[in-house]
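Me: I would like to learn how to read the features of a model like this one. Please start with contacts.

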Amino acid sequence: MQSGIIFGNRILDVVFVAWFIAQFYKVVSSIFLEQKFNIKRLWETGGMPSSHSSTVSSLTTSVGIAYGMESPLFAIAIVFSGIVMYDAAGIRRAAGKHAGIINTLLDKFASRIGERIHDERLKELLGHTPFEVLAGAALGIVVSLMFTSYIQV
């Protein structure tokens with residue numbers, strides 16, 4: 001495989017594009033949904049679409065294009081992708097729900113005693129809904145398929 005333009009590796013280049021599109025969409029959508037420009041969304045977790053899923057599905061698709069779906073590299077990539085997407089929709093999503101409950105309890109406790117025991121709110125947007133994971137996965141696959149000729153060279 002010839003070296004890529006951005007990272008010196010064509011697969012990494014394509015994976016970066018898939019990640020960037022997912023994260024940039026979050027910045028743009030915050031303008032319309034929240035009526036504010038929030039550049040922090042470019043680096044934050046959670047939301048639509050899952051950039052974790054777009055990244056790993058792009059990686060898996062790109063490896064499949066470059067090395068074939070029967071290659072050991074593809075097998076490693078697909079197992080890795082499954083773990084990451086399961087974690088995004090399962091464990092990290094549950095942790096975000098727990099943070100929301102803790103924030104609510106802290107608010108109620110503070111209103112009862114008149115002072116806060118913890119000033120910083122816990123981050124609630126950690127994981128993804130299954131639909132956000134699916135959308136991210138579809139995005140990653142589409143991006144890699146669009147760059148098939150770039151990956152194969």
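Reply: Contact means heavy atoms within 4.5 Å. This is a predicted model, where local features need pLDDT of at least 70, side-chain atom pairs count only at pLDDT 80 or more, and totals for chains, interfaces and linings use all residues. Residues are numbered from 1 along each chain as its sequence is written, and side-chain values use heavy atoms, with hydrogens and water left out.

Me: Which residues does Arg-116 touch, not counting residues up to four places away in sequence?

Reply: Leu-106, Asp-107 and Ala-110. Arg-116 lies in the loop between helix 4 (91-113) and helix 5 (130-146); helices are DSSP runs of H or I, at least four residues, numbered from the N terminus.

Me: Is Arg-116 buried, partly exposed or exposed?

Reply: Buried means under 20% relative accessible area, exposed over 50%, and partly exposed in between (1.4 Å probe, protein chains only). Arg-116 has 35% relative accessibility, so it counts as partly exposed.

Me: Which residues make up the largest nonpolar core?

Reply: A nonpolar core is a set of buried Ala, Val, Leu, Ile, Met, Phe, Trp, Tyr and Cys residues joined through side-chain atoms within 4.5 Å. Here the largest has 10 residues: Ile-11, Val-14, Val-15, Ala-18, Val-63, Ile-65, Phe-74, Val-143, Tyr-150 and Ile-151. Helix 1 (10-34), helix 2 (51-67) and helix 6 (148-152) each give two or more. The largest share, four residues, comes from helix 1.

Me: And how are aromatic pairs described?

Reply: By the distance of the centres and the angle of the planes. Rings of Phe, Tyr and Trp (its six-membered ring) pair if their centres lie within 6.5 Å; planes under 30 degrees apart count as stacked, over 60 as edge-to-face and the rest as tilted. The count is five aromatic pairs. Phe-20 and Phe-24 are stacked, 5.6 Å centre to centre with 15° between the planes. They are four residues apart in helix 1, so about one helical turn separates them.
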